[in-house]
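Here is a short note on the aromatic side chains. Please read it with the structure open.

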Amino acid sequence: MKMMYKKRSFLLCIVIVSVLISSGCGPADTDEQDGEVAESDNPTITLGQVPYQQAWVPLAIIENVANELGYPTERTEGDVGVMFLGLSRGDIDVYADIWLPNLHSTYADRYEDTIDLIGTLYEDAPVGWAVPTYVDIDSIEDLSGNEELFGGEVIGIEPGAGMMPTSEEVLEEYDLDLNLISGSTEAMLAAVLRATNNEEPVVFLAWRPHTMFQLFDIKMLDDPRGIWETDDVMTGVNENFQEKAPDLYSFLEDFEISLEDVEDLMLRMEDEDLNMIAQEWIDENRSQIEEWIDG
């Protein structure tokens, strides 16, 4: 019971953090960090921010490094489609959460002539569907004939997320009589919380890195048809970005962070400031970061 209480409390903290960050209360924009206003002749770097917590960690690190290099920064928020469109138009300079070769392949193919993929943040990130461990189903295939057990629903996330069209493909391939419910990541986590509180069956979208595996006792469902595959998570920039910020471009080419580090920093977001956490990671990896900047 104590462990379940901690998990519930932590989920509430995560939701609060997500609201604060999406409202502009995340890491400070460039010039005003640490209460100082710095003037710079360098161009402003526009960073793309999606509503997924795993993307906030590398974003905060990139922002802090950009500030150290003297670049003012600003953020543009939106879903994945907005990020790719913004990169292609030059409205967004950097988006560090591109999942390939599978999840975001449609977007990457559409905009391949106007964006550059320049670095891999971490590799082999799993994505798919999950259920609580108390549910006696281990495979997507086993959902067939048991759809009513889950209220005829798969709990999804934002409509523009790459996992949503893949989930539609899963429904068709496995001939499942389930409706894919779109909404938000926070709404999905809240639905999982309600279900697990009552030990009710629920099937939902899951991926790593994410704190949901610490929040809940859950398991990924096997996918015997191989629709869900692991992805590498990459950094994308506008095609003119190297000329705009060559030293930051050099950093992004080599910048990498382990999946485990991302999850660790996400957990610390419960009671620590993300900007400070990101700066601590930078300080702990200072020599490596300088090498990445120098190319």
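This is a predicted model: local features need pLDDT of at least 70, side-chain atom pairs count only at pLDDT 80 or more; totals for chains, interfaces and linings use all residues.

1. The structure holds eight aromatic pairs.

2. Phe251 with Trp292. The ring centres of Phe251 and Trp292 are 6.1 Å apart, and the planes meet at 50 degrees. A pair counts as stacked under 30 degrees and as edge-to-face over 60. Phe251 and Trp292 are therefore tilted. The pair connects distant parts of the chain. Phe251 belongs to helix H9 (residues 246-254), Trp292 to helix H12 (residues 286-294), and 41 residues separate them.

3. Burial of that pair. Phe251 has 0% relative accessibility, so Phe251 counts as buried. Trp292 has 9%, so Trp292 is buried too.

4. Phe255 with Trp292. Trp292 also forms an aromatic pair with Phe255. The centres of Phe255 and Trp292 lie 5.9 Å apart, with 55 degrees between the planes. This pair is tilted. Distant parts of the chain are linked here as well. Phe255 sits in the loop between H9 and helix H10 (259-268), while Trp292 is in helix H12, 37 residues away. Both Phe255 and Trp292 are buried.

5. Cluster. Which residues do ring pairs join into a cluster? They are Phe84, Tyr95, Tyr107 and Tyr111.

6. Charge over a ring. Where does Arg225 lie relative to Tyr174? Arg225 is over the face of Tyr174, 4.8 Å from the ring centre.

Note on methods:
Residues are numbered from 1 along each chain as its sequence is written. Side-chain values use heavy atoms; hydrogens and water are left out. Rings of Phe, Tyr and Trp (its six-membered ring) pair if their centres lie within 6.5 Å; planes under 30 degrees apart count as stacked, over 60 as edge-to-face and the rest as tilted. Helices (H or I, at least four residues) and strands (E, at least two) are DSSP runs, numbered from the N terminus. Buried means under 20% relative accessible area, exposed over 50%, partly exposed in between (1.4 Å probe, protein chains only). A charge sits over a ring if NZ of Lys or CZ of Arg is within 6 Å of the ring centre and within 35 degrees of the ring normal.
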